[in-house]
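Have the view open and follow along point by point.

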Amino acid sequence: MNETRIEPRAITMADWESRPDSLSPGCDITSLVNAEGAGGLGLYFMAPGKQTNSFSMEDVDDGTADEYYGPCHEFYYLLVGEATMYWGEDASKVQAGTANKVLLKAGDLGYWTPGWKYAVKNTGKVPVTWLWGLTVPTGGAKRRTPSEALQWLKTKNA
Amino acid sequence: MNESRIEPRAIGMGAWKTGPDTIVPGAEITNISNVEGVWGLGLYFMPPGIKTTVFSMQDVDDGTAEEYYGPCHEFYYLLVGEATMYWGEDASKIRAGTANKVLLKAGDLGYWTPGWKYAVKNTGKVPVTWLWGLTVPTGEAKCRTSSELQWLKTKNA
C-alpha cells in the first residue's frame, strides 16, 4: 500500500480562504484545493463591468501578458451570471477586448486550452461566480503569477 | 508556435452528452469535456436513496470493486442537494455504508484522493446534482469502467 496517500475530504465554506484578487480590483478569489502535481480548484467572483488582467498559457513567456502560467488546461463552470473570455496571441487586443471571444452563461463550461493568452470580463448585469480548475503546467518554464491564490503554480515549477 | 494547439471554447448544454448511468439504475451521467491525457468533466444526477457501485482509485486493482479507475484525483462540486461518500479499502464495508464517510452539501467541494475505494449515496431528500472532474490516472494500471467512462480506459489500455 502507498502510505503517502491522503484521505479524501469535504472542503466546505468554513475552510475556504477568500480574498480580493490583488491584480484585479473588484474581484474576489477563493482557493479550495491544491492537489500536488495535479492542479488547483477554486471560486471566482467578479462585479459587472470588471475585467481581469491578461494571463498567458502559452509554451513560451513573451513577457506581454501580466501573468504567465505556462501551458495549463483550465476550465470555468459558470454558477451565476455571464462572462466573456477574450483570447488570442496579442496581449493588447486581449486586454482591449478586440481579440477572439467566448461568451459563457450560468451552466456553461468554458475550456481554456494551452497555447493562448486570456482575459475575462463580467459582461452581464449581475455579479458573476464560477468554479475554476487549473492543471499543473507541463514543462519547466518559469512562471510569473503575482496572484497570491496561484502561488502553488509558481512553486511547482520555479 | 505550437500548431497542434486547440482553440478555447464554451461547452453549453446543447453539446452535452447525457444518459442513464448503465451500472447505477436511477442515476444520470453527463460528459461535458474529455481532454486526452488530462481530465474528464461532467455532471451527475441521482435521486434520493440511490447509491453508486464501488469504484477503486487504488494503485493496484484487487478485483473487489465493481470499477477500477487507477490512481486518479477526483472532485465533486455539489450544486444541489446532499450526498455521502463512503470510502476505505474494504469494498464490502463501503457497499454496506459502514466504511468511513464524508458528507457533502450544496456548495461543498469533495476531494477524492488516489489510493482508496469509494461509493456515493444520495442521503438527502431531493435529487442531488454535482459537477465532477476526474484526472487521467498515472501509471500503467488497466482500468475497468462503465461505458460512460471508456475515455479513462482507452488512455491506459
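Predicted model: local features only at pLDDT ≥ 70, side-chain atom pairs only at ≥ 80, totals over all residues.

1. Strand β8 of chain A (residues 82–88) pairs with β11(A) in the antiparallel sense, over five bridges. Strand β5 of chain A (residues 55–56) also runs antiparallel to β11(A), and two bridges join them. In this second pairing, Phe55(A) is the residue that stands opposite Tyr118(A).

2. Is β11(A) enclosed or open? Of the five residues in this strand (residues 117–121), four are buried, so β11(A) is largely enclosed by the rest of the structure.

3. Setting aside neighbours within four places in sequence, its contacts include Leu78(A), Leu104(A), Val120(A), Lys121(A), Val128(A) and Trp130(A). As for Ala119(A), its C-alpha atom is separated from that of Ala83(A) by 10 Å, with the two residues 36 apart along the chain.

4. Zoom out to the largest nonpolar core, which has 88 residues. The residues with the most contacts inside this core come from both chains: Met85(A), Tyr118(A) and Trp130(A), along with Met85(B), Tyr118(B) and Trp130(B). Strand β4 of chain B (residues 39–46) gives the most to this core, with six residues.

5. Tyr118(B) is worth a click. Once neighbours within four places in sequence are left aside, this residue is in contact with Val54(B), Phe55(B), Met57(B), Met85(B), Tyr86(B), Trp87(B), Ile94(B) and Trp112(B).

6. What does chain B look like as a whole? It has two helices and twelve strands, and from the N terminus the order is β-β-β-β-β-β-β-β-α-β-β-β-β-α. Its radius of gyration is 16 Å, close to the 15 Å that the globule rule gives for 157 residues, so chain B is as compact as a globular protein of that length. Along the principal axes, its C-alpha atoms fill a box of roughly 55 × 35 × 25 Å.

7. Of its 157 residues, 46% are buried. Among its contacts between residues at least 6 apart in sequence, 65% join residues at least 24 apart.

Technical notes:
Residues numbered from 1 in each chain as written. Chains lettered and ligands numbered in written order. Core = buried A, V, L, I, M, F, W, Y, C linked by C-beta atoms within 7 Å. Buried ≥ 20, exposed ≤ 12 C-beta atoms within 10 Å, placed from the backbone. Contact = placed C-beta atoms within 7 Å. Rg over C-alpha atoms; globule rule 2.2 N^0.38 Å. Pairing = 2+ DSSP bridges.
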